[in-house]
Amino acid sequence: MSKAITFSEYGAPEVLRLSEVTPPEPGPGQVRIKVRAASVNPIDMKIRSGLMARMAPADFPVIPGLDAAGVVDAVGAGADATVGDEVLGATVGGSYAEYALLERPVAKPESLSREVAASLVTVGQTAARVLDQLGVQAGQTLLIHGAAGSVGVIAVQLAAARGITVIGTAAERDLERVTALGATAVRYGDGWVERVKAAAPGGVDFVFDASGAGVLADSVALTGDAAKVITIADMAAAQHGVRFSAGTSEQGRQSLPELVQLAAAGKLTVPVWRTYPLAEAARAQADL
C-alpha cells in the first residue's frame, strides 16, 4: 500500500484526506513514477468543489492533481522510459500521491528542479494550446488577462518570444514582474479598457483571458470579433460568443519537450509560489 490524497464527495478543501491506496500498475505505454513533486492548479479546486461536475462527473474516490515529476519505478509495454529515469508529465489517475502513472513521460533535465518540472506541465501546455488556437502571429498585439497568474506568466513569455506585442493585465503589486517577462503591464480593475487602449494605440488583435474576472464583453468590443477572444477561466464564455478552451490538445502535448528545454536553459521562468508536504494538500489548495 502507499499514501495518496483522496476525496469522496465534493466540497471545501477539508474533504481532502490522506489515505492508504494500492499503487497503480502501468499499462501499455505508461510508466509509474515515485512522485517527487506534484503541481497544484486552479482546476484541482474546481474539480474538488464540484464546479466541473456537469462537464466531467467524478468517479469517487478521486485522487486529485494533474501533473508530477519523479523517478520511474515501473514500466509498461512500449513505454518510452526506463526504471530510474527522472521524468515529468501529465498523470493518469491523479498526482497527489506517492506513486502516479504517466502516459507521455518527458525526460527531466538535471538543471531543472523537480518543483519547476511539475509546475510547468499543465500551465505550459495550456498557454501553448491557446496561443495556437488563437493563431496570433509575430507583429500582432495580444492582450492577456491574468498575466501574473500561473498560465499567464507562461503565455506572456511564449508570445513575446514569438515576436508578438503583449499587453498584460495584473494587480498593482505584479506590474513590474509582468513587465520583466516581456509585456506592457496594465493594472486591472475599473478603467482597464482605457488603460489598455493607451498602451496599445494601434488596437488589440486577440485576447487571452486567463483571469475569469468578467472581462469578456469588453474584450470582444476591443477586438471587434468574439472569435478573436478565448478564455480558460470564465464559464460565461458562451453568453458572449467566446470560445472556452479546456482539456488537452495534440499541439499542447507536443509543446512540452520544448517548454522543458526552454525552462532548463533559463529562457522560461516558471514561478513556484510555495511547496507543501503531501499531507498538507488541503492547505495548499486553500492557499492558492
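Trainee: How many aromatic pairs does a search of the whole structure find?

Mentor: The search finds 2 aromatic pairs in the whole structure, where rings of Phe, Tyr and Trp (its six-membered ring) pair if their centres lie within 6.5 Å, and planes under 30 degrees apart count as stacked, over 60 as edge-to-face and the rest as tilted. This is a predicted model, in which local features need pLDDT of at least 70 and side-chain atom pairs count only at pLDDT 80 or more, whereas totals for chains, interfaces and linings use all residues. Residues are numbered from 1 along each chain as its sequence is written, and side-chain values use heavy atoms, leaving out hydrogens and water.

Phe-7 has 1% relative accessibility and so counts as buried, while Phe-60, at a relative accessible area of 33%, is partly exposed; buried means under 20%, exposed over 50%, and partly exposed in between (1.4 Å probe, protein chains only).

Phe-60 also pairs edge-to-face with Tyr-10, at 5.1 Å centre to centre and 70° between the planes. This pair again links distant parts of the chain, 50 residues apart, with Tyr-10 in the loop between S1 and S2 and Phe-60 in the loop between H1 and S4. Tyr-10 is partly exposed, its relative accessible area being 29%. Through these ring pairs, Phe-7, Tyr-10 and Phe-60 are linked into a cluster.

Technical notes
Helix = DSSP H or I, 4+ residues; strand = E, 2+ residues; numbered from the N terminus.
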